[in-house]
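Please examine the fold shown below together with its sequence. The paragraphs that follow lead through its side-chain contacts, its sheet and its surface.

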Amino acid sequence: MSSENADLLFVVDLTYTAPLEEIDRALAEHVAFLNRQYDAGRFLMSGPKSPRTGGVILAKAASKVDLEAIVESDPFRRDGLAEATITAFEPRMIADTLRNGVLF
């Protein structure tokens, strides 16, 4: 990452702690939360795990503390439906498909 961009990259690993029926009831509000974070430029990529035991988010933030506050406002966290582990990482290698803006 260039020094002109002070944001760090993080992997947010969500693990469901509630039955899928409860997860499904909160899903629309969770997706609205995700959309707000994408609109703010904080989230870069996200999706469910397979099998469906949680989800993964690739995010950027100024600090882990900042991202923790954001993640805690996710309805899945706020309502005790999922646990979250946040891991910072420093990319050293990037695939051409990402570098060129084409992933799939």
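Is aspartate 24 buried, partly exposed or exposed? With a relative accessible area of 40%, aspartate 24 is partly exposed; buried means under 20% relative accessible area, exposed over 50%, and partly exposed in between, with a 1.4 Å probe and protein chains only. The model is predicted, so local features need pLDDT of at least 70 and side-chain atom pairs count only at pLDDT 80 or more, whereas totals for chains, interfaces and linings use all residues. Residues are numbered from 1 along each chain as its sequence is written, and side-chain values use heavy atoms, with hydrogens and water left out.

Strands (E, at least two residues) and helices (H or I, at least four) are DSSP runs numbered from the N terminus, and two strands pair if DSSP finds at least two bridges between them. Strand S1 (residues 8-16) runs antiparallel to S4 and is joined to it by eight bridges. Within this pairing, threonine 15 has glutamate 83 in S4 as its bridge partner.

Charged side chains come next. Side chains of opposite charge can pair when their charged atoms come close. The structure holds six salt bridges, a salt bridge being a side-chain nitrogen of Lys or Arg within 4 Å of a carboxyl oxygen of Asp or Glu. In one of them, aspartate 13 meets lysine 49, with the closest N and O atoms 2.5 Å apart. Aspartate 13 belongs to strand S1 and lysine 49 to the loop between S2 and strand S3 (54-61), so this pair ties together parts that are 36 residues apart in sequence. Aspartate 13 is partly exposed at 30% relative accessible area, and lysine 49 is partly exposed at 22%.

Aspartate 24 forms a salt bridge with arginine 52 (2.5 Å, N to O). Since arginine 52 lies in the loop between S2 and S3 and aspartate 24 in helix H1, the pair ties together parts that are 28 residues apart in sequence. Arginine 52 is partly exposed, at 33% relative accessibility. A further salt bridge links glutamate 90 and arginine 92, whose closest N and O atoms are 2.9 Å apart; both residues are exposed.

The aromatic side chains form another set of contacts. Three aromatic pairs are found in the whole structure. Rings of Phe, Tyr and Trp (its six-membered ring) pair if their centres lie within 6.5 Å; planes under 30 degrees apart count as stacked, over 60 as edge-to-face and the rest as tilted. The ring centres of phenylalanine 33 and phenylalanine 43 are 5.9 Å apart and the planes stand at 75°, so this pair is edge-to-face. Phenylalanine 33 is in helix H1 (residues 20-39) and phenylalanine 43 in strand S2 (residues 43-48), so the contact ties together parts 10 residues apart in sequence. Both phenylalanines are buried. Phenylalanine 43 also forms an edge-to-face pair with tyrosine 38, at 6.2 Å centre to centre and 90° between the planes. Phe33, Tyr38 and Phe43 thus make up one aromatic cluster. Tyrosine 38 is partly exposed, with a relative accessible area of 31%.
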